[in-house]
Amino acid sequence: MDLEEKATWTYPALVRRQAERFGESEFMSFQHGSALTFAGYERQGLRLAHALAALGVGSGDRVMVLVKNRLEFMVIMLAALRLGAVFVPVNTELKGSFLEHQLRNSDPKVVFADAELLASFDEVSGAGTAIAALVVVAGDVAEARPAVFDRVTTMAYDDLAAHAAANGDLPAEPGPYDLACIVYTSGTSGPSKGVMMP
């Protein structure tokens with residue numbers, strides 16, 4: 001197997017191949033009625049990648065996601081990986097010191113959070129982190145939000161996704177050995193450890 005073929009062993013490359021192969025056939029659907037085709041998934045991921053790039057997200061930046069089992073979770077993952085950013089999914093049951101540990105440890109540039117889960121950050125301090133933006137998923141941006149996001153640019157997911165340009169250059173895609181994801185352990189024997197996955 002040559003290096004050129006190995007370079008296609010990434011999630012964004014797989015999604016692109018499947019979009020070309022299956023087009024507008026349904027790829028995924030959710031109980032609340034939303035669905036995506038293979039090609040639609042590729043399009044939405046690319047559009048959101050452009051939006052994240054406009055926020056300054058690039059290779060190696062962390063993108064933390066506290067989002068329930070919904071379509072947006074998958075699109076955020078694809079967009080982050082397309083940029084070479086690191087996708088950091090967080091257990092939606094976390095709050096307080098457990099959530100604060102993962103926030104500080106991963107030091108995300110952007111945080112995506114379900115509107116109804118924002119209160120999980122109420123007792124969280126973001127001191128020492130460099131969060132540039134909070135994106136609220138599945139809801140409106142409330143006037144009052146947790147103190148950790150007081151000085152952070154905040155927007156609704158729908159606004160971010162709708163106003164993103166879907167053209168222009170993006171950085172080179174990551175390779176199969178680049179860091180793609182950090183998944184935290186349950187932390188039953190001490191603070192959660194971030195497992196780094198290519």
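This is a predicted model: local features need pLDDT of at least 70, side-chain atom pairs count only at pLDDT 80 or more; totals for chains, interfaces and linings use all residues.
How are E100 and R104 separated in helix α5?

View 1. E100 and R104 are separated by about one helical turn, because they stand four residues apart in helix α5, which covers residues 96-106. E100 counts as buried at 18% relative accessibility, whereas R104, at 37%, counts as partly exposed.

View 2. The side chains of E173 and R82 meet in a salt bridge, with 3.3 Å from N to O. R82 is buried, with a relative accessible area of 15%, but E173 is partly exposed, with 28%. Together with R16, these two residues are linked in a network of salt bridges.

**View 3. The salt bridge of R70 and E72.** Here the side chains meet at 2.9 Å, taken from N to O. R70 is buried, with a relative accessible area of 18%, and E72 also counts as buried, at 14%.

**View 4. The crossing of helices α3 and α4.** The axes of α3 (residues 38-54) and α4 (residues 71-82) come within 8 Å and cross at roughly 60°, which means that α3 is oblique to α4. The crossing of these two helices is right-handed.

**View 5. A nonpolar patch on the surface.** V183, V195 and M197 form this patch and together have about 210 Å² of accessible area. V183, which is placed in strand β8, is partly exposed, with a relative accessible area of 33%.

Note on methods:
Residues are numbered from 1 along each chain as its sequence is written. Side-chain values use heavy atoms; hydrogens and water are left out. Patches are made of residues with over 30% relative accessible area and no salt bridge: like charges are joined within 9 Å, nonpolar side chains (Val, Leu, Ile, Met, Phe, Trp, Tyr) within 5 Å. Accessible areas come from the Shrake-Rupley method with a 1.4 Å probe; for residues, only the protein chains shown count as cover. A salt bridge is a side-chain nitrogen of Lys or Arg within 4 Å of a carboxyl oxygen of Asp or Glu. Buried means under 20% relative accessible area, exposed over 50%, partly exposed in between (1.4 Å probe, protein chains only). Axes are lines fitted to C-alpha atoms, for helices over the stretch in contact, and angles run from 0 to 180 degrees between N-to-C directions. Angles under 35 degrees count as roughly parallel, over 145 as roughly antiparallel, 65 to 115 as roughly perpendicular and the rest as oblique. A crossing is left-handed if the near helix is turned anticlockwise from the far one by less than a right angle, and right-handed if clockwise.
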